[in-house]
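Okay, hi everyone. Let me put my protein up on the screen, and then we'll go through some of its inside spaces and a helix pair.

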Amino acid sequence: MQAKKRYFILLSAGSCLALLFYFGGLQFRASRSHSRREEHSGRNGLHHPSPEHFWPRFPDALRPFFPWDQLENEDSSVHISPRQKRDANSSIYKGKKCRMESCFDFTLCKKNGFKVYVYPQQKGEKIAESYQNILAAIEGSRFYTSDPSQACLFVLSLDTLDRDQLSPQYVHNLRSKVQSLHLWNNGRNHLIFNLYSGTWPDYTEDVGFDIGQAMLAKASISTENFRPNFDVSIPLFSKDHPRTGGERGFLKFNTIPPLRKYMLVFKGKRYLTGIGSDTRNALYHVHNGEDVVLLTTCKHGKDWQKHKDSRCDRDNTEYEKYDYREMLHNATFCLVPRGRRLGSFRFLEALQAACVPVMLSNGWELPFSEVINWNQAAVIGDERLLLQIPSTIRSIHQDKILALRQQTQFLWEAYFSSVEKIVLTTLEIIQDRIFKHISRNSLIWNKHPGGLFVLPQYSSYLGDFPYYYANLGLKPPSKFTAVIHAVTPLVSQSQPVLKLLVAAAKSQYCAQIIVLWNCDKPLPAKHRWPATAVPVIVIEGESKVMSSRFLPYDNIITDAVLSLDEDTVLSTTEVDFAFTVWQSFPERIVGYPARSHFWDNSKERWGYTSKWTNDYSMVLTGAAIYHKYYHYLYSHYLPASLKNMVDQLANCEDILMNFLVSAVTKLPPIKVTQKKQYKETMMGQTSRASRWADPDHFAQRQSCMNTFASWFGYMPLIHSQMRLDPVLFKDQVSILRKKYRDIERL
């Protein structure tokens, strides 16, 4: 019996092999016959496509990359699999292999720099407020150009944010509208913003039209569809998210221990059916009603009662007992489970509240993941391991928890607190891809002050910025350059500007002196300037405007700048002391004349005061030391509108510089103690004093305060009462024992 089975198996195997060779031979012969026909037709200059020809023809040895949407237009005889057909017909898969190297034209950027063009709004097209805020942020940035021939990146004026067909914000016929744009070029060098895609019940990531080779700045994008080094993952933000500025984070103090009333909280919808329901439906297993409070409600949608289950009534009752904001601001960790889509509003809410996000959204490409290290600010969980979340977060050491909370505050304020910051972060990431040789590294993006304020065009070396001395183990600069702003003619050898020049030159820390001649009169002869031990360079201002004093002149060879008005009265001792203080605070403005701001309730606007009080928020640049990088920021970061305003008024440039530095550092300036006579001498009979006494001059400064605050979107100035005095200043000891003895003398 066994022998018969073996014979039968051998006979079957032999028959299969015979059939295989037979049909394989037929196919091989047919292929060779087809090749001969092609060679014959080629010699006669003719080509007859054959239905047997099912492989695509490759005329070149190495064929350049083409996205799927271009492949489908090739030889119609090409056979593709059903999956490839499905992918080709779905816009989310078109161009899935796009990267900067294959679908972006770098030549436009290398020619004119990184400039962004926004299409003009078409008549009759409605734009949601959120998308208007995005376009306004681009148009108000230094990247914007109104000339498409100068642009490197293009942004549609058609609203692409909400591509849910059930939404009232959904824009119909977007496919034809986009294709009709004369600059579209199959989406090449275009950026498309999107918050919502797909609709009920499957909520796919399809935006509903062919994006071609365009980049996506998209919320809730999955790692499967995210194209690394091409797309940008952005956070989901509400329509109420502020356009500029935004509130600061809620971590007011570095509380030790960092634990709060609740260990882990969540409050949100529970989806009874469909996508996104699994994780939220299981939260009740972890909820204990004490330090782990995870609340869900079934009350959403018009027909929720049709689908309610046995837990809905109990869940709804428990849900109403807790106030969401109270939970949010008194929790150490905040659960961020996926909703219908991968992203959630809970993400940004947790960041602002200094509540460490616990991510439960498998496959979500986290916002700005290309540059942000989320392991420093969040706990990345797994939806399949929900029951292990409480024990995992309880095992995190308190030092680590505090570090996580602090990082949430930095990231919130640096990149997420406003629509403008989200948009600018997106553009800066793309710019770094284009100019890789000067792109920012991970330290810059993940450490204060962040990538938006550290411009790589200034320098590619971290030591050239005032924020990284400690990280690099560098000491602050040991020399400064004095820059004296001169606006009146030199008619006497006893003028304050010459005395000031001599006093600054005698400082042991002075490397050189630059006189910026912004006077309408011709430059004085060289012999009119006093002889000094350090070089004196006189630069004649080309435009002779106030902003020119903050230009990043190549003549400034030191990182430290001592900014001086021509009528400032300072002794060498005061200069030395101010510089030694600055060396301890190299990222701030350090100086003598202080001013303050306040909120005027009666007028509902910001006010400016020059009263001598214990409180101050500005140190005027008429006698101040700061890092020269702020010259570059002032010239290249601030919009032309603010600088033009300063130049037209010939006023407020010092206020604007204080706004800028405080916005970057999130810290107040440093006031140092001066001689008692300084108050009187600054108000002496000089050219500048006459402006100070002018009521219009003071009113202009009030107006400037509110214009600047409007552009920044908030008031960046911070009040302080700290004053730094020389060692043993005003102590009852011998004057000879004091290092800065001249400061105490009248």
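Before anything else, helices (H or I, at least four residues) and strands (E, at least two) are DSSP runs, numbered from the N terminus. This is a predicted model, where local features need pLDDT of at least 70 and side-chain atom pairs count only at pLDDT 80 or more, while totals for chains, interfaces and linings use all residues. Residues are numbered from 1 along each chain as its sequence is written, and side-chain values use heavy atoms, with hydrogens and water left out.

Now, cavities. On a 1 Å grid over the protein atoms alone, a cavity is a set of points where a 1.4 Å probe fits but cannot get out, and lining residues have an atom within 4 Å of a point.

Which element gives the largest share of its lining? That's β8, with 3 residues. β8 (262-269), α11 (324-328), β10 (331-337) and α12 (346-352) each supply at least two. Among the lining residues are V265, F266 and K267.

On to the helices. The axes of α22 (653-665) and α25 (695-712), lines fitted to C-alpha atoms over the stretch in contact, come within 10 Å and cross at roughly 30°. Angles run from 0 to 180 degrees between N-to-C directions. So α22 is roughly parallel to α25, a label for angles under 35 degrees. Where they touch (heavy atoms within 4.5 Å), α22 brings residues including F659 and L660, and α25 brings residues including M705 and F708.

Technical notes
1 Å grid on protein atoms, 1.4 Å probe; cavity = no way out; pocket = protein on both sides within 12 Å on 5 of 7 lines; lining within 4 Å. Parallel < 35°, antiparallel > 145°, perpendicular 65-115°, else oblique.
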